[in-house]
Amino acid sequence: MSYEPATATRIKRLLVEKLHLEGMDAASIDDHTPLFGEGLGLDSVDALELVVALEKEFALRIQSHEVGREAFASVATLAAYVESRLATVGDRHAGS
Amino acid sequence: MPGADPGGTTGAKIVVTGLGAITAFGWGVAPLWEGLREGTTAVGPITRFDASLHRTRLAAEVPLALAPHGARRATWADRFAVAAAEEATRQAGLTPAACADAGVYFGSSTGGMLESEAYYATLIGPRARHARPSLLVAQQLNGPGDAVARSLGTSGPVESVSSACASGSMAIGAALRALRRGDVELAIAGGSDSLCQLTYAGFNALRSVDERACRPFRRDRAGLSIGEGAGVLVLESLAHARARGAFPIAVLAGEGEACDAHHMTAPHPEGIGASAAISQALADAETDAAEIDFVNAHGTGTPHNDLAEARAMHRVFGDRTGSIPVTSTKALLGHLLGSAGAVEAVATVLGLVRREVHPMPVAGEPDEAIGLRLVLGRPLALPRAIAALSTSLAFGGANAALVFRCAEAA
Amino acid sequence: MSPHAVVATGIGAIGPWGGGVEGLARALAAGRPLGVEIDGEGRDDRASRLAALVPDVDLSRWLPPASARRLGRPSRWAVAAARIALEDAGLPSLDGARVAVILATSFGAVRFTENLVRQTLVEGPESAQPFYFSECVANAAAAQVALAVGARGANVTVTQREAGPLVALARGTSEVREGRADVALVGAADEMTPLLHRVLDRFGATARPTAHHDEAPRPFDVARNGMLAGEGAAVLVLEREADAVARGASRRVRVAGTAGAFDAEAAPSDWGEGDETMARGIARALARAGRSPAAIDRVVAGASGSRRGDRLEARALSRAWAGAPRPPVLVPKAVTGEYGGGQLAAAFLAALGVPFGPVAAMTAVEPGLDVGVHDGSPLPIPEAVLVGALAAGGAGAWAVLERA
């Protein structure tokens, strides 16, 4: 799984800002720390909040069934997921 | 222990003497029952606002074109409430004078938000000076209850509640308590909500709304459908009804309330709050679990709710659970939010009176993990039905349950 | 003592006076309105500028920041107030299944509602944030309190505007009295925002400066022209009197009788002229408390400075008292403003005999209103207090509180 560090940074910033993780330094979030349950301790509503934030930040549309799956396990998996979605969009545009 | 120390309540039996309902099936109890029996969902494409901008497109809308004449600046939530209350009091044979001291107990989760949205949008936009404050009169959660009291000219207590999906049931519960206590001799209880973009967007933001019409308790259920409308019950003691020659339709035998205290949007997975509410309602109704002949479930169609609710039922009904007929009015009318508990109470009473459980549409395989006996496709005749349970599991974890019994068994 | 009597044994109150009921008591003794300037873009000189706002108060002891991160302000204050109240009551332990929560709100989490409306209608529905929705439902505060303290009994949110807190008090009392709960947390939570303030001002509901008087709430006053809009949360702990006595709870205020009524003459958001109906409501509350008007030592009025609301209340009190001697009338909303449970908290304090000072902004009672607004002189601790509140739209609610 590969992704740009810049994408991971943007996602970390969203986590802190949009989920009101006050006092937490975005840079201190490890790419592989589990977001839910143990780790960052986010819950299902946080997941949905994150989805709205990701959709706005990256101009994506995320389907309901994709929420909470492997893609959302950590910053790393999210970054890879976002980039793969953006690549698909890019390919479509390239082909038209 | 519930009921062990009644503290000043009478032992009066409280009966339903009037019913009123405004739903996507129409303005009145007659079209409601017809629609419920027929079993085709009223959930369809939204016309009230531009749904193309929302994540989903469907709702069960009240046919506004069929509305009787109403107060010029009243909100739709108010108008549904008033129409349902007028139908119920008419059925109960109540003149305005007879209603004078009645108490009104009402639930609404959005009040006049639909009408206020237009005001807010203007106020926060570039043309703020043109926003009409009169629209904001509407944005009151106490609007529908007050409107009912105003239209009937009552002078007894008026209490509005807004406890999300359990509002209507809690309002009915409040009326029950007030009547037993002797605070009032007559109570008008119910709930009303109208479709609005805020609520629609909000539930969609939570990804709780199914793109298709909801399919409660089905294996492939994917969320709820939003509805709107109002339900009203006229309630009084049996003695009071008899004294004025009114006909008891059913007995409101008991009510129970309990909170999950688990999570703001997700029910407790084991349904502990729901089963506590149901158990309390049964105890309050002096009814054994074994006596319940059918259940009008909360049954929203979300993966979490239906499972939690089923587990709650298993906890209460034990081995018998799989044989008790279960239906969900939401399968046909969507989730009426603050009025759900009230409209579903009406549907439950109708089921007892007609000795028939209304079906849900045949739409997908039942979820075996849930283990309930679903009524699908056609009404189920229950000629010897005596007692029924109606449940409401609210957003935020508050749960309410009502137990109704046949009037003949009173 | 009736075997089923219910008492309030603890209080938490967060409001424009700060983060505790001591601050409220000081403010009531001082008698000055707690209004401060609220933001208002494009406001003209004649508009209302003040609101009774909760100051920056550190509630971290009651509400760890991590747990508060998604809560709207009414929820934060309600949770903090509930925890303060429980500590104040000194209950040894709680069986969550037997704890009910009954809170009132007039407007819910307004800020989040505004945000959600902006997102839904201006930015587009798909930008609606789940946080805002789950917190802007009216029952969010009550649900958060239940989560915070593990309360698994009834959980009800009353939405009867200005009468809401007293309706919540009555509901909570009946939960305990009728054996469905051992403890009930009752109260109110509301927040004020610049937008809501502007709306209330446009309706003429808020006090405004005039050529002769500064902007201030002046209940029953000839110069009154509106309320001071406020915010905050107040929570009382209710339990059976027998339990409170048995565990040695030192402060006990009995809820002796409650009643409600409705003036069908009132238009939505307004007060009518049904003083006869309101007087009947007062009479019912007194009768349920087993007291005649002469046996009431103090009235804690709901009067807020509203021209029509205050007039209705004055006339209702006059009717209810008929020829009986009139007790002093306290007007806490002259200090606390309207909304957020300030009156409920003040009523609890009044029943304990906490002194109220003269109302600083008072000029003179409107002629013909026949209300003896307390002038701040020392009073004996009351035996019984009548609290009343009349809601815009017509509902009224009353409670008789007794020192127990």
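Biologist: In which sense do strand 3 and strand 4 (residues 58–60) of chain B pair, and over how many bridges?

Modeller: Those two strands of chain B run in the antiparallel sense and are joined by two bridges. Bear in mind that this is a predicted model.

Biologist: Which residue stands opposite B:Gly44 in strand 4 of chain B?

Modeller: B:Ala59 is the residue opposite B:Gly44. B:Gly44 itself belongs to strand 3 of chain B.

Biologist: Does B:Gly44 count as buried or exposed, or partly exposed?

Modeller: The way to read this is to count neighbours: a residue is buried at 20 or more other C-beta atoms within 10 Å, and exposed at 12 or fewer. B:Gly44 has 15 such neighbours, so it counts as partly exposed.

Biologist: What is the order of strands in the open sheet of chain B, and what is the pairing?

Modeller: The order is 3-4-8, and the pairing is mixed. Strand 3 (44–45) and strand 8 (226–227) of chain B are at the edges with a single partner strand each, so each has one side without a neighbour in the sheet.

Biologist: In chain C, what order do the three strands of the open sheet have?

Modeller: That sheet of chain C is ordered 2-3-7, with mixed pairing. Its edges are strand 2 (36–37) and strand 7 (229–230) of chain C; each has a single partner strand, so one side of each lacks a neighbour in the sheet. Strand 2 of chain C pairs with strand 3 (residues 50–52) of chain C through two bridges, in the antiparallel sense. One residue pair to look for is C:Val36 with its bridge partner C:Ala51.

Biologist: Where is B:Arg207, and what is its phi?

Modeller: Look in the loop between helix 7 (197–205) and strand 8 of chain B for B:Arg207. Its phi is near 55°, a positive value in a residue other than glycine. B:Arg207 is buried, because 24 C-beta neighbours lie inside 10 Å.

Biologist: And in chain C, what is the phi of C:Ser269?

Modeller: For C:Ser269, phi is near 65°, again positive in a residue other than glycine. The loop that holds C:Ser269 runs between strand 9 (253–262) and helix 10 (275–288) of chain C. C:Ser269 counts as buried, because it has 22 C-beta neighbours inside 10 Å.

Biologist: How many helices and strands does chain C have?

Modeller: Chain C has 13 helices and 13 strands. Its radius of gyration is 20 Å, close to the 22 Å that the globule rule gives for 404 residues, so chain C is as compact as a globular protein of that length. Along the principal axes, the C-alpha atoms of chain C fill a box of roughly 65 × 55 × 40 Å. Of the 404 residues in chain C, 68% are buried. Among contacts in chain C with a separation of 6 or more, 79% join residues 24 or more positions apart.

Biologist: What does the domain assignment give for chain C?

Modeller: According to that assignment, chain C has domain 1 (6–246) and domain 2 (256–403). Their C-alpha centres lie 20 Å apart. The contact takes 57 residues from domain 1 of chain C and 59 residues from domain 2 of chain C. On the domain 1 side, helix 1 of chain C gives the most, with seven residues. By class, that side of domain 1 of chain C has 38 nonpolar, 11 polar and eight charged residues.

Biologist: What is the mean pLDDT of chain A?

Modeller: Where pLDDT is low, the predicted coordinates should not be read in detail. For chain A the mean is 85, and 92% of its residues reach 70 or more.

Technical notes
Residues numbered from 1 in each chain as written. Chains lettered and ligands numbered in written order. Predicted model: local features only at pLDDT ≥ 70, side-chain atom pairs only at ≥ 80, totals over all residues. Pairing = 2+ DSSP bridges. Helix = DSSP H or I, 4+ residues; strand = E, 2+ residues; numbered from the N terminus. pLDDT = per-residue confidence, 0-100. Rg over C-alpha atoms; globule rule 2.2 N^0.38 Å. Contact = placed C-beta atoms within 7 Å. Domains from an automatic or database assignment. Nonpolar A, V, L, I, M, F, W, Y, C, P; charged D, E, K, R; others polar.
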